[in-house]
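Take a walk through this protein, from its overall make-up to its inside and then its surface. Start by looking at the whole chain.

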Amino acid sequence: MKKIFFLLFFFCTSSFLWAQKFTASASKTTVGVGEQFQISFSLNANGDNFVPPSLSDFDVYSGPNESSSMQFINGSVSQSVSLSYILAPKKEGKFSIGAASIVVNGTKISSNSITITVVKGNPQAQNQSSNQQGGNPQQASAPDKDMSQNLFAKTIVNKTKVYLGEQITVTQKIYTRLNLKGFQNVNFPTYDGFWSQDLISKSQIQLATERINGVSYNVAELRKTFIFPQRTGTITIDPMSVDCIVRQQSSQPQSIFEQFFGGGYQDKVYTVKSNPIKIDVMPLPDKNKPDDFSGAVGIFSMKASINKNKVKANDAIDLTLTLSGSGNIKLMDALKINFPQDIESYDPKVNDNISVTSTGVSGSKTYDYLLIPRHEGDFKINKINFTYFDPTKKQYITIPAPEFDLSVAKGDNTPSTMVVNNVEKEDVKLIGSDIRFLKNNFSDEKISENYFFGSVPFVAGMISPILLFFLFLFFRKKHEKDNSDATLVKSKKATKMAKRRLALAEKHIKNNNKEGFYDEVLKALNGYMSDKLSIPVADLSKEKIIEKLKSRNVTEETIKKLMQVVDNCEYVRYAPTAVSSDLNTVFSDTVHLITQLEDEM
């Protein structure tokens, strides 16, 4: 009976696994240099953690483009998902596109690999092939005359005249009356002169409807950012640019079937730019500005507490200040507090609990002060004030903390004290004889002559400044020599900067922020490659990186791993519906990759 049950279970499980098909296919396997073709990865089920193969030998013109279908046959439902790329080979030869992988019901499965033969390019055939692929995006050389009325981008701010440190809401939108299929090559402004915080949207971009001058548009909100000016004067927010994929009817139908049903369609790419925005930043008023102002701009509140008010001398006390509200809370400095002289204080430990919502940046900031009273007595902690500037009221608002009374008793290891004329004096301790008799006759006494001049300490004191001066010159020249080579300096700092970036990426893992994680990993790798290989970030390309790495004898396997990580990050970053790998796995792979590059270069 057990054998029958085991065989039945094995048969059902095997049938289920065999039913999952994950295949790769290409529209053509022999292409010319620069000729576009399509590869597709199809799965007849739902999957997660899709990992594409390395496409470093090809230029990626589009993708990943995701599509899904569902069929009802005899009452049963079948579903399939397809991810496709539009590629063009860079050079002649035979190239293998490796297997992609995906997880289905907890089981990782892989697709087949594809071999592409690349021959010498034929520009005429290439153009014909490009025109025949009506569904593939084509870069429009110039938009139609009325295109700017039907497709445009806008950068929208809630205010253009603000105070220093005041919060501004920036929204990047695309307006269209066309059949918009997607976006690529999105370039958001860097917000120079501002501290910025993006609102992370976990859902796919949804189209809404807005009316402008009586005309209805479909609107896609690409990003909302909250910025805080860090200097006064006029600051310009640079335009956003984005390539919009628009599906249009082809002017020349390709077949009788298409002519009969109204012609074929093709996807065109139009680049749109938003308008630059000028922000007038005013300085905070000097009138009624307190000396202890910490730079807070917004609307805030404060809570203060102390863990105990009766202690012994040299015992520790915790004073906690919590500042809450909305505004530039992340940029605030610690409060300037004047504690009593007999109470020793240390720099506070700062804990942030800040979040970004659709209304802006808000949260709390907690300062934990460690206080140690050194003498017994009664003390008072007062005059702790928190001042912030309210831009809506255009005035400074001061919130006082309650006073704290401390009663400090004599400590276990504290010397006893006595009060004389209302002044505390330490008890006198006699060590040996503290009063000696005076001698009036020195005739029989010999005064020993011990002179400091000419002694060893004297000579050492005279020579040591000269030695220190020469040591200073030696280390200064060495420092100037080491820093004269800018390339070497950047190379040394490359790993340190990459690890710092990856530290930010690790924080996004804890918050399960997929977009922020892949963005930081990509920035870390780009910055590392730029510094290590002495390539400006603006000139970074996969071809240059591969060429430089090969010149430094980096192995093909390591280069392939690097390109695969970069492709995976770009894929997840720019595809809203993309499935991604486990973030911890990607993080550990990236750290291992940087270590491996350091060993090989």
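Helices here are DSSP runs of at least four residues, and strands are runs of at least two, each numbered from the N terminus. Keep in mind that this is a predicted model.

With that rule, the protein has ten helices and 34 strands. One of the helices is H5, which covers residues 456–484. Phe-472 sits in helix H5. Is Phe-472 buried, exposed or partly exposed? Its relative accessibility is 46%, so Phe-472 counts as partly exposed.

Together with Ile-466, Phe-469, Phe-470 and Leu-473, Phe-472 makes a nonpolar patch of about 510 Å². The protein as a whole exposes about 37000 Å². Carbon and sulfur atoms supply 52% of that area.

Now go inside. The protein has 601 residues, and 37% of them are buried. The largest nonpolar core holds 32 residues. Those that touch the most other members are Met-332, Leu-335, Tyr-369, Leu-371, Ile-381 and Phe-386. Several strands give two or more residues to this core, among them E18 (215–229), E28 (360–373) and E30 (385–390). A second, separate core has 30 residues, including Ala-505 and Met-563.

Look at Phe-386 again. Leaving out residues up to four places away in sequence, its contacts include Ser-294, Phe-300, Leu-323, Met-332 and Ile-399.

How do contacts run along the whole chain? Take those between residues at least 6 apart in sequence: 72% join residues at least 24 apart.

Methods
Residues are numbered from 1 along each chain as its sequence is written. This is a predicted model: local features need pLDDT of at least 70, side-chain atom pairs count only at pLDDT 80 or more; totals for chains, interfaces and linings use all residues. Side-chain values use heavy atoms; hydrogens and water are left out. Patches are made of residues with over 30% relative accessible area and no salt bridge: like charges are joined within 9 Å, nonpolar side chains (Val, Leu, Ile, Met, Phe, Trp, Tyr) within 5 Å. Accessible areas come from the Shrake-Rupley method with a 1.4 Å probe; for residues, only the protein chains shown count as cover. A salt bridge is a side-chain nitrogen of Lys or Arg within 4 Å of a carboxyl oxygen of Asp or Glu. Buried means under 20% relative accessible area, exposed over 50%, partly exposed in between (1.4 Å probe, protein chains only). A nonpolar core is a set of buried Ala, Val, Leu, Ile, Met, Phe, Trp, Tyr and Cys residues joined through side-chain atoms within 4.5 Å. Contact means heavy atoms within 4.5 Å.
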